[in-house]
Amino acid sequence: MTGHLLLVDDEPGLREAVQAYLEDSGFTVDVASNAKAGWDLLQQRIPDLVISDIMMPEVDGYQFLAQMREDARFMRLPIVFLTARGMTKDRIEGYNAGVDAYLSKPFDPDELVAIVTNLLTRKEAKDANATTDIADLANQVAEIRAILMNRAPLPTQNTPTIKIDFTPREQSVLDLVAVGLMNKEIARRLETSVRNVEKYVSRLFSKTGTNSRTELVRFALENGLTQ
């Protein structure tokens, strides 16, 4: 397993030792002595995984983690905490904050390598699935646009137009899905996050009993649920 890692720790000795061990294990490692420097490195090159201390001056690990999770570029970036705070409540706090793994100091470097390798393997699998999902979504959007271009021939139900209780935001998302916009475009239009758009689309699937964007748009058009 290889990969590009970012290590953020304010202890020079530990930082150098961990960097050397990880590089000997086949990883490329950028290092930063604090969260601000780590953030600057993230802007230059997005790593495959971040390893961060918690107890750091000015910006601690939790604040650094929150900053990354609020940025769409780093939302799904695997993050490992290294810390001297090893109580159960501290680990729970870390997991609740969105960290992927939590390793208490002192630790066995082989365990760190095993954790990093496992997280990167899972990330590769997720990325492969995401690529497939994007391709499927592109096909669905193409089908939606084809439906829109041939709106008149769509069959209509014999029953009266149904009414579904959408929230205003759900209706806005539905209208934008119906014109063929993808989640990223919808998020930009509504000034919200892609994750929020995904949640709204999931709710639309649930409320309409559909399983794809194509089914959703066809259902909405046939039942007069969108303009």
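In this predicted model, Val-80 stands opposite Ala-101, a residue of strand E5. Strand E5 comprises residues 101-104 and runs parallel to strand E4, to which four bridges join it.

Strand E4 covers residues 79-83 and is mostly covered, since five of its five residues are buried. Ile-79, Phe-81 and Thr-83 point one way from E4, whereas Val-80 and Leu-82 point the other way, and all of these residues are buried. In a regular strand the side chains alternate between the two faces of the sheet. E4 also pairs with strand E3 (residues 49-53), again in the parallel sense and over four bridges. Within this pairing, Ile-79 of E4 is the bridge partner of Val-50.

## Overall organisation

The protein contains nine helices and five strands. Read from the N terminus, its elements follow the order β-α-β-α-β-α-β-α-β-α-α-α-α-α. Of its 227 residues, 42% count as buried. When contacts between residues at least 6 apart in sequence are considered, 65% of them join residues at least 24 apart.

## Helix H1

Helix H1 spans residues 12-24. Its 13 residues, at 1.5 Å a residue, should span 18 Å, and the end C-alpha atoms are 18 Å apart, so the expectation and the model agree. The buried residues of H1 include Arg-15, Val-18, Gln-19 and Leu-22. These residues cover an arc of only 100° around the axis, which means that they lie on the same side of H1. The face turned away from this buried side carries the exposed residues Gly-13, Glu-16 and Asp-24. After H1 comes Gly-26, which has a positive phi, near 105°.

Thr-208 belongs to helix H8, which covers residues 194-208. With a relative accessible area of 9%, Thr-208 is buried, because the cut-off for that class is under 20%. A polar atom of the Thr-208 side chain lies 2.6 Å from the backbone oxygen of Leu-204. The side chain of Thr-208 also makes a polar contact, at 2.8 Å, with the side chain of Thr-210. Leaving aside residues up to four places away in sequence, Thr-208 touches Ile-164, Phe-166, Leu-216 and Phe-219.

## Loops and backbone geometry

Most residues other than glycine have a negative phi, and most peptide bonds are trans.

Glu-58 has a positive phi of about 65° although it is not a glycine. This residue is located in the loop between E3 and H3. Glu-191 likewise is not a glycine and has a positive phi, of about 55°. Its position is in the loop between helix H7 (183-190) and H8. The relative accessible area of Glu-58 is 79%, and that residue is exposed; Glu-191 is exposed as well, with a value of 74%. Both assignments follow because exposed residues are those over 50%.

The peptide bond from Lys-105 to Pro-106 is cis, with omega near -10°. Pro-106 is found in the loop that connects E5 with helix H5 (109-149).

Val-179 is placed in the loop between helix H6 (168-178) and H7. Its C-alpha atom is separated by 7.6 Å from that of Ile-144, although the two residues are 35 residues apart along the chain. Val-179 is partly exposed, with a relative accessible area of 45%.

| Residue | Relative accessible area | Class |
|---|---|---|
| Thr-208 | 9% | buried |
| Val-179 | 45% | partly exposed |
| Glu-191 | 74% | exposed |
| Glu-58 | 79% | exposed |

Methods. Residues numbered from 1 in each chain as written. Predicted model: local features only at pLDDT ≥ 70, side-chain atom pairs only at ≥ 80, totals over all residues. Heavy atoms only, no water. Helix = DSSP H or I, 4+ residues; strand = E, 2+ residues; numbered from the N terminus. Expected span 1.5 Å × (residues − 1). Buried < 20%, exposed > 50% of the residue type's maximum accessible area, 1.4 Å probe, protein only. Arc of directions from axis to C-beta. Pairing = 2+ DSSP bridges. Polar contact = N/O pair within 3.5 Å; in protein donor to acceptor, adjacent residues only side chain to side chain. Contact = heavy atoms within 4.5 Å.
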